Amino acid sequence: MKIMIKFLLLVSLWSVGIFAQINNLRTHAPMKLDCKKCHLCDTPTKAEPCLVMCPRNKIEPVRHSVEEAPVDIVINEVDSEKDLYTPVNFSHKLHAKMSLMSGGCAICHHYNPPGKIVKCSTCHEKNRERENLSIPDLKAAYHRQCMACHTSWEEKSECRSCHELNDNIKISNTILPKLEKSHAKIKIPDKIVYQTDSDKGELVTYFHRDHTKLFDLKCMDCHKQENCENCHNQKPDFSKPQPDDLHDKCSDCHDTEGKCYVCHSNVEKKPFNHPTKTGFNLSNFHSNISCITCHKTKNRFTGLKKECKNCHKDNEGYFNHSITGIMLDETHKDLDCEDCHVKNNYMKRPTCSDCHEEDISFPKNIPGEKVRKNHD
Amino acid sequence: MAQNRRDFLKTLATIGVSTGAISAVTPQVAKAGPTNILSDNRMGVLVDATVCIGCRKCEWACQGAHDKVQQDFIEYENNDVFKKARRPDTNNLTVVNKYDSELLGSETIKLQCMHCDHPACVSACIVGALSKEENGSVIWDTDKCIGCRYCMVACPFQVPALEYYKALDPKIVKCDFCFERTKEGNLPACVEICPVEALTYGKREDLLIEAKKRIKNHSEKYFNYIYGEHEVGGTAWLYLSDKELAGEVFPKLGNDPAPGVSESIQHGLFAYFVPPVALYALLGGIMWLSKDKDKSEEKL
């Protein structure tokens, strides 16, 4: 009897195993692939899938944020270059950030198996004399990756753009100009006026600086499909941008189907002005905060009341002075607003002289303590 | 054995007379033809012009490997040279030129000896100084070279250059596929230094497979043609580009080996030195006759 039970247990365990495998096969079988295309061994398991390492066409995105990317990487794996040049100090993070405006990490990390990011040298051999000529060797892989962009705008191949000269290299009669390594300061345009063929208004005035500074948009919010060449282009393309492309860029926030007049006009538009448009003056206290601090619903900037209580309120809906940056002490807490803010004018400094001697004044003396504003 | 033109002519005259005499009696003489090996394992280089960045490091490395006058390698970053198409010369056995390109705006292409499978220069060389070696390289024996420049005329790619600056004993110079380096197991200097591996060194037949693979996988990037696969019977250096190279970069050449016609004429002309000897004999005869005439005139 005991033997029977043992046997049954074994059978059930075995069948579970079979089912588990069948389950696995279900996702694989319809692919009509040769197992050897992805697996090196005959019996791959979940723990040891023995995957083929380097297929170029299988792009696995890098799964971490740019902030986690290493800052600088010294590329010193290529031996032969060291005779003339020192290893390249590659500003990895900077490039990674820029890559977000085009293809992301995958434009360089064009293959990555699931999991850790593999080194270039995992696939690209260091030896130039090798069997597999289809994959460039390591030195070529690095250079091709960099030069693909760098030559496209420079149209020259100055090695010293990336490499320093090695100390033991003597240059006889050439005076080498110093090369500027850092990226030139990017000039952000204040506004761009687009001339269009639209019958809804020929001109579209785009206030670039307002969008980045005031409306707090990140570069990547609009520049999603950029290419280094768009800026670094020796032969700029002066043909008019296509309406579709431009509408696409704005349509994330603006209604490009309906309200044409918001952007299109026959005259150059004036920049957005909060007080004239809405009647709420931002100067003094609200000029340096981003729109979303108050306009909390995404892409909806209307419907806020002008009352201070709208934003400066506690959980119960009462006015909370702390949110202005000053937490009132016990004595000032119970006063009326008007006692300090004469005629409820909050644009002017509060007056202390009604109760205090002349030597006490704001902001020298504070009626409480400074606290962090909740939008800092 | 160093040999200059004068020596050569002397030897030729001596040999000519003796062979002439022998050939009159025995037409079958062992013929010491030039080495012309076409090995199945011959090497080659695949030049991928779509990858080349025009850094001219190959020119610099080549000059170093062949004891030529080398400038500071920084000088090679100067792109002004691209304003004019250059040809390989005695100091630059390889040159990189810039050409207009449809897809990329411009394309830089390295030129050097193509190391033909059926080299016209080898066939044209009257002293057998040039030879096609087993590894695919076409090299020459400086000691044998007499500077006759027949190879320069014969070469369909106009590669061999003559040391014109030497008043005495100028020789032929061209790319030797880094024969000395490859013999020791090293890569050709240009292939080794190329930062982007626009030059791939390998067995010619492997390179052809690789080239076809690249064209197939990236049909948008390449012009569907491997220059050098069939040109003048095939060359060791093969070129991939995004455009047709024949016509602009290289001359338009047929697929027949260049030596075909020239060799028959050439070899016919010099076969067993019969025609030159016949010519000498003719000239000698005229001389002989005119000498008698002079004497008879003197007598008068």
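Q: Which residue stands opposite B:Leu46 in E9(B)?
A: This is a predicted model, where local features need pLDDT of at least 70, side-chain atom pairs count only at pLDDT 80 or more, and totals for chains, interfaces and linings use all residues. Residues are numbered from 1 along each chain as its sequence is written, chains are lettered from A and ligands numbered from 1 in the order written, and side-chain values use heavy atoms, without hydrogens and water. Strands are DSSP runs of at least two E residues, numbered from the N terminus. The residue opposite B:Leu46 is B:Leu238.

Q: In which sense do strand E1 (residues 43-48) of chain B and E9(B) pair?
A: Pairing takes at least two DSSP bridges between two strands. E1 and E9 of chain B have 4 bridges, and their sense is parallel.

Q: Which residues of strand E9 (residues 237-240) of chain B point the other way from B:Trp237 and B:Tyr239?
A: All four are buried, meaning under 20% relative accessible area with a 1.4 Å probe, protein chains only. Opposite to B:Trp237 and B:Tyr239 point B:Leu238 and B:Leu240.

Q: How many aromatic pairs are there over all chains?
A: Rings of Phe, Tyr and Trp (its six-membered ring) pair if their centres lie within 6.5 Å; planes under 30 degrees apart are stacked, over 60 edge-to-face, the rest tilted. The count is 7.

Q: Why is the pair of B:Phe177 and B:Tyr201 edge-to-face?
A: The ring centres lie 5.9 Å apart. The pair is edge-to-face because the planes stand at 90°.

Technical notes: Buried means under 20% relative accessible area, exposed over 50%, partly exposed in between (1.4 Å probe, protein chains only).
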